[in-house]
Amino acid sequence: MKAVYYYFERDLVKWLRGRVTVISSLVMPAAWLIFVGLALPTKFTDNYLEYITPGILVMTMLFSSLQGGSLMIFDKILGFLNKFLAMPSPRESMLYGKILFISVRGLMQATVILIIATLLGVRILNPVQLILIYFTLFLFSVFFSALSTMIGMYLSDHDSYAAVNSMISMPLFFTSSALMPYDVMPAWLRFLARLNPVSYAIDSTRTLFEGGIPVHGLISLAIGAGVMVLIGTYQFRKAFV
């Protein structure tokens, strides 16, 4: 656990030192919430801001999690990765530390969105729902931050990863239930959205905003996160640079 904390602290300190990066990572999701939630005209709901807030929260966690691969590439280019792999601490500690940092960073961004959404009139019913919202977002982040870190392990430059990132993030977001409900989607999009793991997180978060408990969604996210972490653990143990 101590090694995991050291890797987490290292990435956190490095991120906090980049003030422009910190500010932009907190401002951009808020801009999405305000300009899309308040400006986009819709006919299927009278309160689109309330509908889209769960989608913006999950989108923020998705984009933040997929940036995790760039952290791995950064360590590889500067020569840190091979040194970390040669250290006596378990190799998977690096993976767990990065997952923890990426998830905490995403939850900080989500907190800004929740505060702004609350100020704009979006209601969260009680503290239990709020805790479960954070838990849902955390499980979702673990899944994609583990995936992005593994991808970063096998790519050699930021340009390649940026291309992979765009290829994964934008289709996943726009084929999810973030922007519209299933019943107003075209049939082909509805089929893709129901298979999309992003939709599981959005639907679960939306259920929590409505006062329900998404047991099936939470179990699915927990299983997905656990499987991805196990795969990542295996790959880190076998990795070489």
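Guide: The side chains of K98 and D75 meet in a salt bridge, at 2.9 Å from N to O. A salt bridge is a side-chain nitrogen of Lys or Arg within 4 Å of a carboxyl oxygen of Asp or Glu. The model is predicted, so local features need pLDDT of at least 70 and side-chain atom pairs count only at pLDDT 80 or more, whereas totals for chains, interfaces and linings use all residues. Residues are numbered from 1 along each chain as its sequence is written, and side-chain values use heavy atoms, with hydrogens and water left out.

Visitor: Which parts of the chain does the pair K98 and D75 link?

Guide: K98 lies in helix 6 and D75 in helix 4, 23 residues apart. Helices (H or I, at least four residues) are DSSP runs, numbered from the N terminus.

Visitor: Are K98 and D75 buried or exposed?

Guide: Both are buried. Buried means under 20% relative accessible area, exposed over 50%, and partly exposed in between (1.4 Å probe, protein chains only). K98 has 1% and D75 has 0%.

Visitor: With which other residue does K98 form a salt bridge?

Guide: K98 also pairs with D11, the closest N and O atoms being 3.2 Å apart. Because K98 is in helix 6 (residues 92-119) and D11 in helix 1, this pair ties together parts 87 residues apart in sequence.

Visitor: What does R10 pair with?

Guide: R10 forms a salt bridge with D75, at 2.7 Å between the closest N and O atoms. R10, at 25% relative accessibility, is partly exposed.

Visitor: Which residues make up the network?

Guide: Salt bridges link R10, D11, K14, D75 and K98 in a network.

Note on methods: Helices (H or I, at least four residues) and strands (E, at least two) are DSSP runs, numbered from the N terminus.
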